[in-house]
Structure formats: structure tokens, C-alpha cells
Amino acid sequence: NYDGGDWKTETFTVPGSVVVPSAPAVAVPAESGAGSVKLGANVTGGTAAITAGDAQIKALIADSGGTGNVVLDLSALDVNAASLPAAFVSAAQSDGSVTGLTLRFRDAALTLDKPALAGLTVNGGSVTLSVAANPVLTAAQKALLGDQLSNTVTADFTVISGGTKVSNIGGTAWISLKLDWS
């Protein structure tokens, strides 16, 4: 109807499936020891789903000699959670030279030592690690803090493996928070 004529409706049938492209993956710097690679990430709702091929995982883990800590730098992304593929977690768990895993977010970092990393059960799928600064505290937590509540910065981290929340990782985790003292 470009010239003011009558509208006509047509029905089209498209054979096969329709492919809707996902948002393009962004590059995530990853380092371990002396080596570094760029992994992909698809960001949805505050979570970066890390995409890594076998060659990237092997290169990253193989270079972990020396410091042994594998670091994923997500600080350029607006996320507070990372979903790691099962192959990545399994490779880090089984390699003897890996001593831990650090996820750097914009305002926080989460580090797991080797026993905590080993405690991440991989039930197929992925493992999601998230950090929340200033989570909502229970009445019991507020009572524990007492008069210091107004001067306290709190953080919480969550581990979800195969869709199930993990309550005991069997190791040590450190949370580092970026604070603004102004």
C-alpha cells in the first residue's frame, strides 16, 4: 500500500526452523601463570555465560604453572555472576598445577582455593558463581552486628551447580569488595 491502494494480506510458510541470532559474545581476558587467552561471554541479566573451546581451556590451564591461580577478568562487564562451562571447571579441578580460581567483577572479586574449586560439583551443564554486595540481612545477622550495622559492608556469594544451590564447597573463598570512602 505505497500509493494509497487497498491492503492485501499474504501468508508465508518458511520451511525448516528459524534461527534467531543471540547477542554477540564479548571478550573476557583470562590469565594463569605466564599465559593468557580471551574467552567469550554472553551477557544476560547480570550473568556472563563464559564460552570456551577445548583448545582455549587447555591453553589456559596448561599455563597455570607458577602462580597456579586462574583469573577471569569480568570487570569490564556489568555483571555480578559468571556461569562457567562444566569442561572449564573439570579441567581446572583435575590439573595439579591449578591452585585456585578468581573471578574479577566490576565492584568485587571472588577467589576459591583448590579445595573449594574441587568442591564444585559438576552435574553436567555449568557452575554459576555470583557475588552480591550488601545483601539483605536476616534479623539474626542484624542482631549479630548490633551497633556496627550502619558501619558494615556485607557481601554474599552463591554457587549453583547443575541448577542446585551448593551450601558447602569444602574449602576457602575470599570476597574482595571495591569500597568508595568519599
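**Contacts across the chain**

Among contacts in the protein chain between residues at least 6 apart in sequence, 63% join residues at least 24 apart. Please keep in mind that this is a predicted model. The points below begin with the whole chain and then visit a few places in it.

**The chain as a whole**

- The protein chain contains four helices and 11 strands.
- Of its 182 residues, 31% are buried.
- The protein chain exposes about 11,000 Å², and carbon and sulfur atoms supply 54% of that area.

**The largest nonpolar core**

- The largest nonpolar core has 36 residues.
- The members that touch the most other members are Leu72, Leu74, Leu84, Phe88, Leu120 and Leu129.
- Helix 2, which covers residues 86-94, gives the most to this core, contributing four residues.

- Strand 8 (residues 126-133) and strand 9 (residues 155-161) run antiparallel and are joined by seven bridges.
- To see one of these pairings, find Val131, whose bridge partner in strand 9 is Phe157.
- Strand 9 also pairs with strand 10 (residues 164-166), again in the antiparallel sense, over three bridges.
- Here you can look for Ile160, whose bridge partner in strand 10 is Lys165.
- Strand 9 and strand 10 form a hairpin with two residues between them.
- Gly162 sits in the turn of this hairpin and has a positive phi of about 60°.

**A closer look at Thr102**

- Thr102 belongs to strand 6, which spans residues 100-104.
- Is Thr102 buried or exposed? Thr102 is buried, because its relative accessible area of 7% falls under the 20% cut-off.
- The side chain of Thr102 makes a polar contact of 2.9 Å with the side chain of Asn69.
- Which residues does Thr102 contact, apart from its neighbours within four places in sequence? They are Asn69, Val70, Val71, Leu72, Leu110 and Thr111.

Key: Residues numbered from 1 in each chain as written. Predicted model: local features only at pLDDT ≥ 70, side-chain atom pairs only at ≥ 80, totals over all residues. Heavy atoms only, no water. Buried < 20%, exposed > 50% of the residue type's maximum accessible area, 1.4 Å probe, protein only. Polar contact = N/O pair within 3.5 Å; in protein donor to acceptor, adjacent residues only side chain to side chain. Contact = heavy atoms within 4.5 Å. Core = buried A, V, L, I, M, F, W, Y, C linked by side-chain atoms within 4.5 Å. Pairing = 2+ DSSP bridges. Areas by Shrake-Rupley, 256 points an atom, 1.4 Å probe, with all protein chains shown as cover.
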